[in-house]
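Subject: Structure for you to look at

Hello,

Here is the structure I promised to hand over. Please open it first, then read my notes below.

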Amino acid sequence: MCGVLAGLIDHLSVLDAQRQQRMTQDRQLAAKLQTAQVTVALYKSLGGNWALEPNPKVENI
């Protein structure tokens with residue numbers, strides 16, 4: 001019985017570590033998203049041009 005209980009406790013530790021890792025990854029992704037949103041807002045506030053212009057044709061020499 002003692003061995004089974006020890007295995008259960010170890011498995012719970014693994015599951016908890018995985019949960020913590022996923023929470024950390026989620027926070028990291030949220031921070032990256034916020035950084036991108038703030039960058040776009042800054043670009044817009046500084047008068048950034050969002051209109052897409054066609055690529056200029058390269059002339060043959």
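A salt bridge here is a side-chain nitrogen of Lys or Arg within 4 Å of a carboxyl oxygen of Asp or Glu. By this rule, the count is one salt bridge. Keep in mind that the model is predicted.

Which residue does D16 pair with in a salt bridge? The partner is R19. The closest N and O atoms of the two are 2.5 Å apart.

Now find the pair in the fold. The protein chain has one helix and zero strands. Helix α1 covers residues 2–45, and both D16 and R19 lie in it. They sit three residues apart, which is about one turn of the helix.

Next, the surface. D16 counts as partly exposed, at 32% relative accessibility. R19 is partly exposed too, with a relative accessible area of 42%.

Last, the whole chain. It has 61 residues, and 0% of them count as buried. The protein chain exposes about 6,100 Å². Carbon and sulfur atoms supply 63% of that area.

Best wishes

Note on methods. Residues are numbered from 1 along each chain as its sequence is written. This is a predicted model: local features need pLDDT of at least 70, side-chain atom pairs count only at pLDDT 80 or more; totals for chains, interfaces and linings use all residues. Side-chain values use heavy atoms; hydrogens and water are left out. Helices (H or I, at least four residues) and strands (E, at least two) are DSSP runs, numbered from the N terminus. Buried means under 20% relative accessible area, exposed over 50%, partly exposed in between (1.4 Å probe, protein chains only). Accessible areas come from the Shrake-Rupley method with a 1.4 Å probe; for residues, only the protein chains shown count as cover.
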